[in-house]
Amino acid sequence: NKDYLVKFMTDEKLNHALFTKRGSLVYHISYGYEKNLPDDIRSQVRKAYLDYTITRAIKVMEADRLIWVINLEDNKRLILVRVEEGELEEVEKLDKS
């Protein structure tokens with residue numbers, strides 16, 4: 001009665017996929033970078049955070065949902081945002097010490 005977690009690499013990206021015992025996909029997470037973002041998502045994030053660098057782009061697919069989790073950084077802060085269905089939401093903002 002256990003699920004199966006599969007870890008693999010594609011196009012230099014780490015992937016995690018969780019499958020049920022019967023083989024149904026529960027979720028798929030792909031760990032990438034700015035270059036892996038779709039152009040519209042990249043533009044949306046860059047417009048909202050002009051002075052920040054995109055350091056990671058994580059694609060989460062789960063239950064017919066596509067969510068991008070994006071790490072941003074400048075000299076003073078780290079910011080975590082999520083984008084789902086065109087809606088950008090700031091999840092967390094941390095000051096560097």
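**Strands and side chains**

Mentor: The side chains of His28 and Asn15 make a polar contact at 2.8 Å. A polar contact is a pair of N or O atoms within 3.5 Å; within protein, one must be able to donate a hydrogen and the other to accept it, and residues adjacent in sequence count only if both atoms are side-chain atoms. This is a predicted model, in which local features need pLDDT of at least 70, side-chain atom pairs count only at pLDDT 80 or more, and totals for chains, interfaces and linings use all residues. Residues are numbered from 1 along each chain as its sequence is written, and side-chain values use heavy atoms, with hydrogens and water left out.

Trainee: Is His28 buried or exposed?

Mentor: His28 counts as buried, because its relative accessibility is 18% (buried means under 20% relative accessible area, exposed over 50%, partly exposed in between, with a 1.4 Å probe and protein chains only).

Trainee: Where does His28 lie?

Mentor: His28 is in strand E3, residues 25-32. Strands (E, at least two residues) are DSSP runs, numbered from the N terminus.

Trainee: New topic: how many bridges join E1 to E2?

Mentor: Seven bridges join E1 (residues 4-10) to E2 (residues 13-19), and the two run antiparallel. Two strands pair if DSSP finds at least two bridges between them.

Trainee: Which residue in E2 stands opposite Val6?

Mentor: Ala17 does.

Trainee: And what about Glu84: which side chain makes a polar contact with its side chain?

Mentor: That of Arg65, at 2.8 Å. Glu84 belongs to strand E6, residues 77-84.

Terms used:
Helices (H or I, at least four residues) and strands (E, at least two) are DSSP runs, numbered from the N terminus.
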